[in-house]
Amino acid sequence: MIEVTDLHRHFGGFRAVDGATLRIEPGTITGLIGPNGAGKTTLFNVIAGVLKPTSGTVTMAGEDISGLPPHELFHKGLLRTFQIAHEFSSMTCRENLMVVPGDQSGEGLWNTWFGRKRIADEERALRAKADEVLEFLTITHLADQRAGQISGGQKKLLELGRTMMVEAKIVFLDEVGAGVNRTLLNTIADAILRLNQERNYTFVVIEHDMDFIGRISDHVICMAEGHVLAEGSLAEIKANEQVIEAYLGTGLKNKDQLAGASA
Amino acid sequence: MEPLNALVSLANFVLIPATAYGAQLALGALGVTLIYGILRFSNFAHGDTMAFGTMAVILTTWGFQAIGISAGPLPTALLALPIGIAVTGLLLLGTDRVVYKFYRTKKAVPVTFVIASLGVMFVMNGLVRFIIGPDDQLFSDGARFLITAGDFKRMTGLDEGMAIKTTQVITVVVAVIVVAILFWFLNRTRTGKSMRAYSDNEDLALLSGINPERVVMYTWLIVAALATIAGTLYGLDKSFKPFTYFQLLLPIFASAIVGGLGSPVGAIAGGFLIAFAEVTITYPLKKVLGYLMPEALEPDGLIQLLSTDYKFAVSFVILIIVLLFRPTGLFAGKSV
Amino acid sequence: MSSYNIRVVALFSLVAVLFVGTGFIQSWNVALTIFNMGLISAIMALGVNMQWGYAGLFNVGIMGFVALGGLGTVLVSTPPNTEALAAGGLRVVGGLALGAATVIAAIMAYRRLKTYRGWITAAILLVGFFVFRAVLDPGVEAVEAVNPASAGNIGGLGLPVLLAWPVGGLLAAGAAWVIGKTALGLRSDYLAIATLGIAEIVIAIMKNEDWLARGVKNVIGLPRPVPYEIDLQASSGFRNFATGLDADPVTASTIAVKLAYAGLFGVVLLLLIWLTQAALASPWGRMMRAIRDNEVAAEAMGKDVTARHLQIFILGSAVVGLAGAMMTTLDGQLTPGTYQPLRYTFLIWVMVIVGGSGNNWGSVLGGFLIWWLWVQVEPLGALLMEGVTAGMADGFWLKGHLLASVAHMRLLTMGVILLLVLRFSPKGLLPER
Amino acid sequence: MTRNDWQDSRGNKDRSITRPGGSTMEQGSAPADRVETTNAFLVGDSMTGGYGQGPDILHDCTIAVDPGEIAVIVGPNGAGKSTGMKAVFGMLNLRKGSVRLDGEDITALSPQDRVVRGMGFVPQTSNIFTSMTVEENLEMGAFIRRDDFRQTMEQIYDLFPILRDKRRQPAGELSGGQRQQVAVGRALMTKPKVLMLDEPTAGVSPIVMDELFDRIIEVARTGIPILMVEQNARQALEIADRGYVLVQGRNAHTGTGEELLADPEVRRSFLGG
Amino acid sequence: DAHSPIKLGVVLGFTGPLESLAPAMAAGAEMAMSEVSDSGMLLDGVMVEPVRADSTCIDAAAATSATERLITGDGVVGIVGADCSGVTGAMLSNVAVPNGIVMISPSATSPGLSTAEDNGLFFRTAPSDARQGVIMTEILMDKGIESVALTYTNNDYGKGLADAFQTAFEEAGGEVTISAAHEDGKADYSAEVGALAAAGGDRLVVAGYVDQGGSGIVRASIDSGAFDTFHFPDGMISQALVDNFGSEIDGSTGQNPGTDSPGAKLYQDMASAADYDGTSPFSAEAYDAAALILLAMQAAGSTDPAAYKDSVMDVANAPGEQILPGELAKGLQILKDGGDIDYVGASAVELIGPGESAGNYREVTFENGELVVVGYR
Ligand SMILES: Nc1ncnc2c1ncn2[C@@H]1O[C@H](COP(=O)(O)OP(=O)(O)OP(=O)(O)O)[C@@H](O)[C@H]1O
Ligand SMILES: Nc1ncnc2c1ncn2[C@@H]1O[C@H](COP(=O)(O)OP(=O)(O)OP(=O)(O)O)[C@@H](O)[C@H]1O
Ligand SMILES: [Mg+2]
Ligand SMILES: [Mg+2]
């Protein structure tokens with residue numbers, strides 16, 4: 001699906017992504033983990049077209065997509081969500097969904113004046129679809145609420161929902177779990193799994209919560225210092241010495257001391 | 001002697017005036033950049049603040065002159081500066097209380113402040129004219145020249161003269177002192193650091209025990225001082241006229257932006273860049289080349305890259321070119 | 001009726017009362033003069049509102065587009081100056097073409113080349129600049145030499161002046177395209193100053209390129225789309241019509257002409273309102289709101305933010321240019337020296353903000369209200385000052401000073417109104433819904 | 001919640017600042033166990049209040065912590081955890097209830113004054129001065145101190161050795177975990193009598209999270225009471241002496257960390273099973 | 001009814017770029033009106049009331065609205081104004097002509113206005129620039145100055161004058177080394193002065209305004225030693241120039257409209273007594289503009305513009321008794337008695353052709369910090 005070959009992205013002298021090479025198979029859910037500052041978000045941003053690569057290539061289904069702007073990638077079926085939710089805050093949740101499809105004839109100015117009948121038909125269909133998605137996400141009751149006024153977790157659901165408004169091929173999720181209540185996170189995990197199974201979406205998920213990763217992903221890639229450190233199943237990764245040293249750690253050292261002090 | 005003449009001519013018509021003008025712009029741009037950096041908005045009222053400050057200085061100067069106080073060879077206006085600064089400071093604090101503070105407590109977006117500053121600009125514009133009228137006011141006294149062009153010729157025996165005005169020297173000296181103090185203040189003092197902290201992260205500054213209202217107050221006071229000093233130096237060097245001060249806003253903003261909004265070093269660099277660009281690009285090289293070239297090759301035309309009609313456009317073209325390649329200015333300014 | 005609708009009705013009634021009151025207290029001619037310019041102001045505000053209200057583009061270069069619209073009027077409606085064209089027209093056109101070619105070549109070089117591209121681009125620009133000047137300058141000189149006191153320019157196409165309005169819009173749109181391509185990537189305050197500067201450059205060109213539209217020597221006596229008053233006064237038909245209405249022919253003719261203008265401007269305004277409202281209420285409007293809310297997300301959702309910004313920037317500028325052309329037609333002259341940011345940029349901004357950014361009707365309201373105030377603050381201020389100073393002794397210095405400063409009330413009032421609205425109704429008198 | 005009209009984020013490329021939205025999570029069913037708080041070192045007692053003129057977000061909510069203790073607040077998104085912290089720190093007006101520090105009623109004090117009284121706070125996000133160096137960040141922490149704070153700074157460098165190496169570097173260039181260390185260090189510079197942390201481990205890698213928890217325990221061991229909000233609830237409750245579960249601004253469950261971890265209801269509803 | 005007061009409009013740029021000139025011009029116009037009112041002799045004691053309006057100098061729309069208000073609201077029967085040629089043209093064609101109101105501009109000197117469609121309603125007491133260019137050339141040539149640098153304020157006045165002068169001067173065999181515009185109200189003129197200095201010349205001709213960029217140019221030229229003698233056209237000649245520069249401009253020359261009639265001096269004294277600056281540019285012309293309107297009314301025996309517009313030329317020109325400032329009562333009396341007057345006024349008014357000042361100039365030099373009149377042309 002996606003192939004990244006020897007990708008570099010430098011900021012001044014700093015190599016945020018430094019020779020990353022990886023492959024995402026279609027229909028999989030890949031977990032992307034790694035220490036803070038390993039370059040995960042930067043890698044996402046390069047793949048998703050927000051940043052231009054310094055060197056290296058990204059291909060999608062064999063086609064070179066390196067350096068394409070995000071809106072073009074969107075039309076190729078590559079979607080992403082953000083580490084910090086990026087909802088359209090002054091629009092209702094339904095509008096947040098309805099705005100997504102890119103082939104709306106009503107987005108052409110000419111049609112807004114001279115093709116109003118066609119627009120009205122399209123809108124009806126779009127609205128039905130948005131309501132369907134809201135129902136899938138179990139947030140129908142929020143349809144007419146302004147997206148700026150829903151809770152953080154619900155915003156993340158909404159972001160996921162936007163990817164369902166079109167036929168996405170691959171979706172990149174950046175830390176869906178950070179700051180999200182674990183119970184809600186389970187709902188999100190269910191949604192991801194269902195999308196993967198029912199619609200055959202491919203997912204790449206950045207996450208620091210190993211439970212979450214374990215729950216959804218078949219394949220895990222661990223990055224460090226801008227390149228891929230290890231990859232494999234979660235169990236393999238968890239056993240990897242390098243990964244433990246750089247990322248997972250070995251648990252708390254001071255816990256007993258505290259108990260002693262307060263006793 | 002010929003190359004020397006060329007050099008003197010260049011110094012007299014390009015280097016010296018551009019330096020003085022650059023210093024004036026830099027001081028103005030520092031005020032703009034400081035407000036942007038700390039209070040996070042582009043203050044369109046800055047030109048009129050300068051006019052107001054200068055007006056306060058002028059009125060005080062007249063008072064001093066009336067009661068016979070003078071600063072010897074230096075302009076009396078320098079003595080009046082502290083009072084002018086104080087009055088301007090009061091005005092700015094008053095404006096803040098009446099206008100900006102409200103939006104700060106509402107945590108309004110920067111553009112709201114910009115538009116509010118437009119309103120303040122209109123009001124101050126009217127206020128200054130209301131008080132001192134729209135006319136030219138001359139208020140410089142003391143010795144005009146350190147050395148006049150004629151004296152210079154006589155002393156050196158060169159064909160070309162070089163004049164150095166007292167006000168030019170004062171401008172540059174004061175600008176250097178002010179900039180040095182400002183840097184020391186911002187980077188070394190507790191208050192200065194608290195201002196930087198506030199500009200970096202308002203909420204966190206609050207949590208560190210920094211009183212935001214104090215920071216804002218200090219900012220306005222420093223801005224008042226910068227605006228009054230810049231305006232007065234400019235007025236001494238040229239003359240005071242409210243409309244001109246309003247017009248100054250454009251080159252000042254150009255300077256601050258070229259340098260990178262929020263960056264004090266940028267403001268200074270920007271001021272000089274704009275000033276030198278305006279003067280050099282439109283300067284005809286005829287005379288200079290005339291001295292440097294052998295007789296036969298002496299140019300006929302003016303050898304002027306661009307007519308002075310477009311000098312104002314030059315600074316904006318430079319501005320746009322800089323922004324195309326460095327979207328937040330030379331010294332990576334902020335953007336809110 | 002919702003509270004919003006009540007507000008709309010109340011505010012527009014207020015404006016109506018202001019104009020009708022002006023008609024009764026001062027004169028209907030005054031009321032109509034202000035009204036006509038109010039229509040133009042409303043269109044300008046509408047254009048700015050498109051850029052600011054729909055897309056959040058902080059354009060402080062409105063003046064430049066207004067002026068370009070005016071230039072369009074001259075280039076379309078004045079008769080061609082055949083003598084000047086013969087003298088240097090070809091060279092001028094050639095020079096301009098060379099200039100454009102240079103810029104395009106430089107951009108291509110910068111985009112295509114890998115090595116030394118900075119130097120090569122600079123070299124192309126430098127050489128191109130001198131070639132451009134070498135071709136253009138003699139042509140310009142030849143054109144300007146033809147009867148400089150009353151002509152000295154290339155003239156226009158001699159077409160009907162109504163045609164100049166869309167052309168003025170097109171001219172502004174063309175400039176907006178160039179500006180948008182270069183500057184739209186800038187962030188808010190940087191874009192603001194860049195546009196402010198570009199507007200100054202536009203004015204500088206119009207002031208200094210005499211061959212184009214006589215520069216500061218002004219073009220006066222532009223043709224009109226409506227009859228002249230004195231012709232009406234001279235026509236017996238009209239005189240009979242006036243006496244039939246029991247009106248004095250002079251007054252009747254002046255009012256008739258103003259009404260004719262009002263009709264033309266009104267049609268344009270209504271058409272624009274219809275177009276913009278329809279666009280806003282459609283998926284296009286929803287997309288624009290999404291972009292304004294969150295550009296990054298909109299980009300990720302497949303919206304070509306850059307292209308949409310450019311689109312709206314061009315459309316808004318075209319509307320402003322159209323208004324500029326209409327204004328020049330109403331004035332009957334093009335005077336580049338009179339374009340000042342205070343009047344043609346900042347005042348329009350006051351209209352948009354006071355009216356309510358993002359709301360088309362708000363812009364219309366702001367245009368009428370602020371323009372009425374801009375004109376009427378002067379007599380009102382004088383009245384006010386007379387009231388204030390009435391109690392003071394004659395010859396008291398403050399009295400004289402205050403009375404003499406009345407003219408400066410105008411700016412003061414505009415500022416105070418802007419600040420009051422911003423404070424108590426921050427989204428304008430008619431907030432976006 | 002009405003939108004603040006002065007905040008309309010129009011303007012090219014203005015970063016839209018998104019705030020966590022309202023919650024619609026169902027309320028915890030178990031009745032709030034009343035805790036003995038009257039004598040705790042820091043207590044936010046029966047707090048009720050919200051932002052500005054908006055609706056109440058906290059409803060009769062009580063949070064307390066004693067010296068040497070770590071108290072952890074958990075709960076669904078939008079439950080009012082951060083709001084509760086802010087309320088304790090005086091960043092919003094309480095309509096009811098009080099805040100007491102060491103027996104003294106400080107409800108009326110401004111945040112700055114609370115800093116002076118010895119409260120340190122690390123907010124959830126943007127908790128460092130990115131453009132200032134690490135050392136300047138720490139200095140700003142000591143802003144209210146008039147005495148010589150160099151010794152405290154040394155202590156902090158000992159606690160977080162990595163910061164000593166990076167002291168001259170702008171804090172904005174540090175990695176996520178390092179930033180959190182700077183943030184905690186900054187708060188410690190005031191020599192606080194109590195430290196409040198809002199989600200210190202959000203988005204940090206497991207190893208850094210462990211390290212941070214280790215450091216927090218170390219700080220607590222020095223006798224400084226710590227009140228923190230955590231989404232990594234399981235780990236947090238493991239080290240907590242006290243735990244509060246907030247739902248819709250109310251105390252839903254209260255107990256020791258172990259008790260809460262053992263409560264199946266709490267596990268199911270808030271810890272993800 | 002002959003005893004209800006009439007109103008005259010005074011439309012000048014009280015705000016905007018020429019805001020500093022407007023007060024003295026308005027004061028001049030209003031002085032003429034009060035002189036006439038006080039005399040009680042206009043059409044058997046009609047009082048004259050001035051009504052001011054702001055032309056803004058730059059905003060044609062605001063100027064037209066204000067004029068519209070004066071004419072259709074206040075019912076003025078004549079207008080003194082406007083100051084800038086741009087707004088003057090708009091006011092004339094959009095309001096004055098349609099309503100048939102006489103306008104006399106004290107300062108719009110653009111040659112373009114000579115050919116404007118005016119129905120005989122438009123006059124100006126300031127000469128068109130073409131004439132001044134010739135006079136300037138003569139003065140300079142007589143002094144043996146054959147090479148000058150030229151700078152002009154970048155508006156229709158400056159540009160028109162500069163063009164006229166350059167043509168005349170080059171025809172007479174002189175050389176203009178550079179003709180550079182300067183914008184009024186700008187922050188700095190070093191670039192312009194640098195260019196002027198580099199081009200060189202025996203003298204710098206400053207076709208600007210004394211309280212605007214003109215002074216800025218002179219200041220920077222003197223300070224940098226670029227030029228120390230100048231030639232000043234009418235926009236520069238005023239007391240302010242002497243006050244600003246004193247003996248620094250000794251040896252400079254200039255000319256402004258004037259005859260050897262003692263009118264100008266008289267007017268300045270009157271202005272000083274009334275506590276404003278009578279030497280401020282175009283102030284005298286404003287007095288004359290108002291005086292002309294009122295005298296023409298008297299001559300026509302009517303305040304109706306349609307009637308008195310034809311008398312303007314008659315009262316302004318010979319034959320008849322010469323009338324100076326302060327002698328308006330005398331003039332009114334003569335006209336009442338059916339006599340003829342030749343209004344000379346403060347600026348030596350002589351109207352020609354399409355109703356503009358013929359252009360009598362006085363030549364001045366600056367000596368020992370004083371303005372000295374050396375002759376008339
Ligand atoms: N625009 C930028 N300019 C300079 N450095 C940057 C920029 N963006 C990212 N970096 C640096 O690149 C490195 C990688 O950042 P990135 O955001 O990709 O990390 P990450 O793996 O997503 O970490 P985390 O898990 O904390 O989100 C960091 O050290 C960061 O400081
Ligand atoms: N500045 C604010 N103004 C108005 N309402 C706010 C503000 N900040 C938060 N809220 C509202 O207060 C409620 C509680 O928010 P709070 O930030 O306290 O939740 P939280 O428990 O910390 O959630 P999370 O786990 O997502 O951080 C939410 O409904 C939120 O929308
Ligand atoms: Mg990341
Ligand atoms: Mg929170």
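Helices are DSSP runs of H or I with at least four residues, and they are numbered from the N terminus. Everything below comes from a predicted model, where local features need pLDDT of at least 70, side-chain atom pairs count only at pLDDT 80 or more, and totals for chains, interfaces and linings use all residues. Residues are numbered from 1 along each chain as its sequence is written, chains are lettered from A and ligands numbered from 1 in the order in which they are written, and side-chain values use heavy atoms, with hydrogens and water left out.

View 1. Take a look at F114(A), which sits in α4 of chain A: with a relative accessible area of 53%, F114(A) is exposed. (Exposed is over 50%, buried under 20%, and partly exposed in between, with a 1.4 Å probe and protein chains only.)

**View 2. Where chain C meets chain A.** The contact (heavy atoms within 4.5 Å) takes 25 residues from chain C and 30 residues from chain A. Together the two chains bury about 2,500 Å², 62% of it on carbon and sulfur atoms. (Buried area is the accessible area, with a 1.4 Å probe, that two parts lose on being put together, summed over both.) On the chain C side, R286(C), D293(C) and M301(C) lose the most area to chain A, together 27% of what that side buries. How many salt bridges are there between chain C and chain A? The count is 3, where a salt bridge is a side-chain nitrogen of Lys or Arg within 4 Å of a carboxyl oxygen of Asp or Glu. E107(A) forms a salt bridge with K303(C), and their closest N and O atoms are 3.0 Å apart.

**View 3. T67(E) and its contacts.** T67(E) belongs to helix α2 (residues 60-74) of chain E. Is T67(E) buried or exposed? T67(E) is buried, because its relative accessible area is 0%. Leaving out residues up to four places away in sequence, T67(E) touches V11(E), I79(E), M91(E) and V95(E).

Terms used. Helices (H or I, at least four residues) and strands (E, at least two) are DSSP runs, numbered from the N terminus.
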